[in-house]
Amino acid sequence: MDRIWKMSLLIVGVILLDQFTKGAIQQNFKLGESLAVIPGFFNLVYVQNSGAAFGMGAGSGDFVRILFFLILPTIACFWLLWLIWKTRHTSAWLCTTYSLIFAGAVGNLIDRYSLKYVVDMFDFYIGTSHFAAFNIADSAISIAAVMLIIDFAYLEKKREKKAAS
C-alpha cells in the first residue's frame, strides 16, 4: 500500500477517534464535571478551551482569536499537506510526523469552527498540581513534536552522514 494511503488512514483514524471521544465527553459529562479514573493521578473531565495550549489567549478579542485560532491554523494545515506529500517517498518518519500534526490540527479546528472552543478531557495531576487538560488531537500533536525533536537531534544528522558518504 502506498505510504500516502497509510498516512490518510492514520489521519482519518486520529480525527475520528478525537471527535468520537469529544462527543462522548459532551454527551456524558456536564461542563466542569470530573471522574477519577486513577485517583490522585488521572481524571476524565469536560473542559471547554477557548484559548490555545494551556488556555493561553482565551480572553483575547475576536480578531486575535479568529486570526490565531482559525485562519493561521487553517493555512498551516495546507502547508502540512504539502509536507506530507513532499516526504511521502523520502521519509516515513517525517511523513508520519506531519500526518499526526495535521490530524491533530484538523481535530481541534473542527471544534473551533463548529463550537468556538476545543473540548478537552484528559486531566493528569499529582496532588493539587494539574497539567492542562487535553484531548486526542493534542496528544497526536505532542507525539509528533517529540518525533520532530528526535528527527532534528538524531535522524537528520544520520541522513547528512549518509548523504556525505
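Biologist: What makes strand β1 (residues 34-38) and strand β2 (residues 42-49) a pair?

Modeller: Four bridges join β1 to β2, and the strands run antiparallel. Two strands pair if DSSP finds at least two bridges between them, so four bridges are enough. Strands are DSSP runs of E with at least two residues, helices are runs of H or I with at least four, and both are numbered from the N terminus. Please keep in mind that this is a predicted model, in which local features need pLDDT of at least 70, side-chain atom pairs count only at pLDDT 80 or more, and totals for chains, interfaces and linings use all residues. Residues are numbered from 1 along each chain as its sequence is written, and side-chain values use heavy atoms, without hydrogens and water.

Biologist: Why is alanine 137 called buried?

Modeller: Alanine 137, in helix α4, has a relative accessible area of 0%. Buried means under 20% (exposed is over 50%, partly exposed in between, with a 1.4 Å probe and protein chains only), so alanine 137 qualifies. Leaving aside neighbours within four places in sequence, alanine 137 is in contact (heavy atoms within 4.5 Å) with Asp18, Lys22, Gly104, Gly107 and Asn108.

Biologist: How do helix α1 (residues 3-28) and helix α4 (residues 136-164) pack, and at what angle?

Modeller: They pack at about 140 degrees, with axes 8 Å apart. Axes are lines fitted to C-alpha atoms, for helices over the stretch in contact, and angles run from 0 to 180 degrees between N-to-C directions. Val14, Leu17, Asp18, Thr21 and Lys22 of α1 meet Ile136, Ala137 and Ala140 of α4.

Biologist: What makes a set of residues a nonpolar core, and which residues have the most contacts inside the largest one?

Modeller: Such a core is a set of buried Ala, Val, Leu, Ile, Met, Phe, Trp, Tyr and Cys residues joined through side-chain atoms within 4.5 Å. The largest has 34 residues, and Ile84, Tyr98 and Phe102 have the most contacts inside it. Its largest share, 10 residues, comes from α3.

Biologist: How confident is the predictor, by mean pLDDT?

Modeller: The mean pLDDT (the predictor's confidence in each residue, from 0 to 100) is 91, and 92% of residues reach 70 or more.
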